Amino acid sequence: MGSLYFFSLFFLSIELILAADIITPTRFIRDGETLVSSHESFELGFFSPGNSTKRYLGIWYKKSPETVVWVANRNNPIIDRQGVLTIITYGNLVLLNKTKSIIWSSNTSRKVENPVAQLLDSGNLVLKDNFSEGSESYLWQSFDYPSDTLLAGMKLGWDLKTGVERYLTSWKSADDPSYGDFTYRLDIHVWPQIFIYNGSTKMLHSGPWNGVFFGGVPESPNFNFELNFVHDKNEIYYKYESFNNPVIMLTKITHSGFFQRLIWKERGSIWDVVVSAPNDLCEYYGKCSANGVCSIDKAPICECLQGFIPESQQNQTSPTRCVRSSPFDCRSGDRFIKLTGLKLPDLVETSLNDTVSLQECESKCLKNCSCKAYANSIVSGGGRGCLMWSGDLIDIRKHVAGISGQDFYIRVRASEQVSDLNENRRQKIIVAVLVISGILIFFSLLFCIWKKTTKKGNSTQHLLIVLLKKKGIAEANILK
């Protein structure tokens, strides 16, 4: 039995020595050496970005070395080429400089007897006990500490048990991977929605998650990738998964603050940007200010919601704020009008009841004089849940073709007439009425012509009969 255990350890040691994707306490990598994942998808090593001479430890695509997807020592570069990545006693992964000072560490508190670090084909660098299997046994993983790139299988969101948030942070510049100004993160206040921040300022807002999609995210080909959203007592996050898919896709936040989704084109060995945002003026947060709606296909692009007027009449093309034209009148009666195809506003001063129906939501909002608008929180399965806005309605967009929108119900006085905000619907109704009216008029004209023709034909027939009768009488008199 002892011999069997000895030989098992021996062959395991040989396997680890030969593996190109493994680091052990006795097998480390120096600057100039790399780890390569088992199917040669990703590579880990030292690099200098752009025109910089500073050295960083990173992970990149094997077939696209300039596409770095993760950086360890973002804010603490090495100034020479004498860096070493190794595992110290009991399981911390550390990056050392030439004086053996720790430049970066996985900083795990758990200790194991046989620690190894492995670069997986997903692009995830994991630290684990070599005799344990499954992601639950990971002591540390790079997927929990994203840089500027979201890969397939990575989570963007919150671990509610530990309080850890996973989000993307841009590079400072193309030459500097240190923390930049822009972040891409999942906000779970009230209900999940995605933001791009410039520092602490909101720059782009996705719209709330509605059970199917984020309400303002542009649609793009999925290339057999599936969006997976999880919302339970332990975690709130979203990720996209690849199912044996040869297409390589990534999502990133650029150093200039743009969200991008890219796919790899094998034929030209280039990245193709399939989604980039902000893509137009209406995608910038709060472009049309409070209680305004942005429609990129209109001129001007900004207008106030029904029941609101520009606070400053001198600047109606881009009002600083839209205010109520008249206060609500709860006692004499208010009502709601339905707007379609919208990105819902930011959840500022918003409450959630995730169990009631849309009809119950309307009733609750109507009874609350401070409630300005409502919508379903979930649209799938016929719709359920209730979001109610009591503050300013900020960052509403009217979607154009190619982007899905949502129904939104805003409160107006009962005496107010329906505005033309929902222009497409009005135009469709007008066209339908005109077409039906045209058809009825056409067939009415045909009927009148037919009647007239029939009447004329009957008169002619009657005249012929009379003439024939008269002719017959005249012939009879001649014969006599």
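Over which ring does the charged end of R185 sit, and how far is it from the centre of that ring?

Reply: The ring is that of Y167, and the charged end of R185 sits over it at 3.9 Å from its centre. A charge is taken to sit over a ring if NZ of Lys or CZ of Arg is within 6 Å of the ring centre and within 35 degrees of the ring normal. The model is a predicted one, in which local features need pLDDT of at least 70 and side-chain atom pairs count only at pLDDT 80 or more, while totals for chains, interfaces and linings use all residues. Residues are numbered from 1 along each chain as its sequence is written, and side-chain values use heavy atoms, with hydrogens and water left out.

A lysine makes a contact of this kind as well: K155 lies over the face of Y237, 4.6 Å from the ring centre. K155 also belongs to a network of salt bridges that links it with D144, R166 and E235. A salt bridge here is a side-chain nitrogen of Lys or Arg within 4 Å of a carboxyl oxygen of Asp or Glu, and the count by this rule is 20 salt bridges.

R166 lies in strand β15 (residues 164-166), whereas D144 lies in the loop between β12 (138-141) and β13 (149-150), so the bridge ties together parts that are 22 residues apart in sequence. Helices (H or I, at least four residues) and strands (E, at least two) are DSSP runs numbered from the N terminus. With a relative accessible area of 6%, R166 is buried, while D144, at 22%, is partly exposed. These words follow relative accessible area: buried means under 20%, exposed over 50% and partly exposed in between, with a 1.4 Å probe and protein chains only.

R166 has a salt bridge to E235 as well, the closest N and O atoms being 3.9 Å apart. E235 belongs to strand β21 (residues 235-242) and R166 to strand β15, so this pair ties together parts that are 69 residues apart in sequence. Both partners, E235 and R166, are buried. Elsewhere, E303 and K298 form a salt bridge with closest N and O atoms 2.9 Å apart. E303 is partly exposed at a relative accessible area of 23%, and K298 is likewise partly exposed at 28%.

Aromatic rings also meet one another. Rings of Phe, Tyr and Trp (its six-membered ring) pair if their centres lie within 6.5 Å; planes under 30 degrees apart count as stacked, over 60 as edge-to-face and the rest as tilted. By this rule there are 20 aromatic pairs. One of them joins F195 and Y197, whose ring centres are 5.6 Å apart and whose planes stand at 45°, so the pair is tilted. F195 and Y197 are both buried. In another pair, the ring centres of W389 and F408 lie 5.2 Å apart with the planes at 90°, so the arrangement is edge-to-face. W389 is in strand β32 (residues 386-389) and F408 in strand β34 (residues 406-413), so the pair ties together parts that are 19 residues apart in sequence. W389 and F408 are both buried.

The remaining links are disulfides, each a pair of cysteine sulfur atoms within 2.5 Å; a search of the whole structure finds five. One of them connects C288 and C302 at an S to S distance of 2.0 Å, and its -80° about the S-S bond makes the link left-handed. C288 sits in the loop between β24 (270-277) and β25 (292-295) and C302 in strand β26 (residues 302-304), so parts 14 residues apart in sequence are tied together.

C304 is joined to C322, again with S to S 2.0 Å. The torsion about the S-S bond of C304 and C322 is about -80°, so this disulfide is left-handed. C304 is in strand β26 and C322 in strand β28 (residues 322-324), 18 residues apart.

A disulfide between C361 and C386, with S to S 2.0 Å, is right-handed, at 65° about the S-S bond. The pair links C361 in helix α2 (residues 358-367) with C386 in strand β32, 25 residues apart. C361 is buried at 0% relative accessibility, and C386 is buried with a relative accessible area of 1%.
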